[in-house]
Amino acid sequence: LAELASAADRWLGHKLLLSPVELRSTLAQTDVHCLLLLRDPRDAALSFFQRTGGGVELYARTWRDIAAMGRELAGHPRLLALRFEDLLTDPHGTLQRLGSWLGVEIDPEIGQLHFQRSRAHGSTEWRENSAFQDVQGRFDRKPLGRWKAQAESPIVRYRAWVTRRELEPWGYEPAAHGSRREQV
C-alpha cells in the first residue's frame, strides 16, 4: 500500500481488484478510504473476458465474496459501496453521495481529469471514456445490461450462478437458471 500514495497526495484513486482478505486488511491496518464500485457481475464478466480471454472463474468468486463483504461492512466509515449502473443512470446523485463521503463536491460536468499511471509516468490528462473514446459519453448507458444479449453464454451463465445470492441484495436482476444443477 505504501506504493499507492505519498504524504503530499490529497486524493488517490487506484483500480484494484482486492480480495476480501486484502480489503479487510486495508481497512484494519490503514486509514485508506476504500470505494467499492460494483458492476452487474454478468456484464463485468463479459468485459473481463473480452479484455483478458480467461480467468472468469476467479473473477466471479472474488466479486461474490467482495459483494457479500460490502453488505457485511455497510456503514463502515471508510468503505463506500456504489453501483456502476447508478453512476450511469444517476451521475449527479451518485457523485453527490461519493463527494459527501469524501467531504468534497464532485462536479459531474468536469471536462477532463489529471491522473498518473505511476509515479514514473507523471501526470496525464484524461479526455476520453476508455470504452467509447469520448469524454462526453462517460455516462453513456450502452454498457448496461449487455449480458442480456448473451444470456445463454457459458460465461454469463457461470457468472450468474456463482453470484446468484448477491444479485438481488445489490439490486441486480436475479439469475435465470437454465438447469436443475444451476438452481442448487
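Helices here are DSSP runs of H or I with at least four residues, strands are E runs of at least two, and both are numbered from the N terminus. With that in hand, welcome to a predicted model, in which local features need pLDDT of at least 70, side-chain atom pairs count only at pLDDT 80 or more, and totals for chains, interfaces and linings use all residues. Residues are numbered from 1 along each chain as its sequence is written, and side-chain values use heavy atoms, leaving out hydrogens and water.

Let's start with Met69, which lies in helix α3 (residues 56-72). Met69 is buried, at 3% relative accessible area; buried means under 20%, exposed over 50% and partly exposed in between, with a 1.4 Å probe and protein chains only. Beyond its neighbours within four places in sequence, Met69 is in contact (heavy atoms within 4.5 Å) with Pro20, Leu23 and Arg24. Val21 is 48 residues from Met69 in sequence, yet their C-alpha atoms are 9.8 Å apart.

Next come the strands. Strands β1 and β2 run parallel, joined by five bridges; two strands pair if DSSP finds at least two bridges between them. Leu35 has Leu80 in β2 as its bridge partner.

| Strand | Residues |
|---|---|
| β2 | residues 79-83 |

As for the whole chain, seven helices and four strands make up its secondary structure, in the order α-β-α-α-β-α-α-β-β-α-α along the sequence. Of the 184 residues, 34% are buried.
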